[in-house]
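Suppose you have just opened a protein model and want to learn how to read it. Where do you start?

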Amino acid sequence: MASRSCTFLEILLAIILPPLGVFLHYGCCSMEFCICLLLTILGYIPGIIYAVYVLVAHGSASEESGRDYDALA
């Protein structure tokens, strides 16, 4: 349940300031953060779209792979 509230907070921050939401999930020196920062500088709306996409689509994929590892351990 805590994972859903963290994801909700990240998406909310990604709508307000897109690189901040991606930074909280991936960190400062990740490729996702750099792309989001560049898109936000070039245009606010593309930055929002990319940030929400990365947090929702890639975030759920990384959580599923983590669950598989926990099941094996």
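This is a predicted model: local features need pLDDT of at least 70, side-chain atom pairs count only at pLDDT 80 or more; totals for chains, interfaces and linings use all residues.

Q: What average pLDDT does the protein have?

A: First the idea: pLDDT is the predictor's confidence in each residue, from 0 to 100. Here the protein averages 81, and 77% of the residues score at least 70. Confidence is highest in helix 3, at a mean of 94, and lowest in helix 4 (residues 44–72), at 72. Be careful with residues 67–73, where pLDDT stays under 50 and the model has zero contacts beyond four places in sequence. A contact, by the way, means heavy atoms within 4.5 Å.

Q: How many helices and strands does the protein have?

A: Helices (H or I, at least four residues) and strands (E, at least two) are DSSP runs, numbered from the N terminus. This protein has four helices and zero strands, so from the N terminus on you read α-α-α-α.

Q: Which residues does the "transmembrane region" annotation cover?

A: The UniProt annotation, from an unreviewed entry, covers residues 6–26 and 33–56. UniProt positions are given in the numbering used here, feature names are shortened, and annotations may be inferred rather than shown by experiment. In the model, residues 6–26 are 95% helix and 0% strand, with end C-alpha atoms 13 Å apart. Residues 33–56 are 96% helix and 0% strand, and there the end C-alpha atoms are 15 Å apart.

Q: What share of the residues counts as buried?

A: Buried means under 20% relative accessible area, exposed over 50%, and partly exposed in between (1.4 Å probe, protein chains only). Of the 73 residues of the protein, 25% count as buried.

Q: Where are the buried and exposed residues of helix 3?

A: Start with the general idea. An α-helix has 3.6 residues a turn, so residues three or four places apart point the same way. Now the case: in helix 3, F33, C36 and T40 are buried. They cover an arc of only 65° around the axis, which puts them on the same side of helix 3; the arc is that of the directions from the helix axis to the C-beta atoms. On the other side, M31, L38, I41 and L42 are exposed.

Q: How far does helix 3 reach from its first C-alpha to its last?

A: The expected span of a helix is 1.5 Å times one less than its number of residues. Helix 3 (residues 31–42) has twelve residues and reaches 17 Å, close to the 16 Å expected.

Q: Which residues are buried in helix 2?

A: P18, P19, G21 and V22 are buried in helix 2. Seen down the axis, the buried residues of helix 2 fall within an arc of 160°, so they line one face of the helix.

Q: What comes between helix 2 and helix 3?

A: A loop, and both G27 and C28 lie in it. Leaving aside neighbours within four places in sequence, G27 is in contact with V22 and F33.

Q: How many disulfides does the structure hold?

A: A disulfide is a pair of cysteine sulfur atoms within 2.5 Å. The structure holds zero disulfides. Take C34: the nearest cysteine sulfur, that of C29, is 7.0 Å away.

Note on methods
Residues are numbered from 1 along each chain as its sequence is written. Side-chain values use heavy atoms; hydrogens and water are left out.
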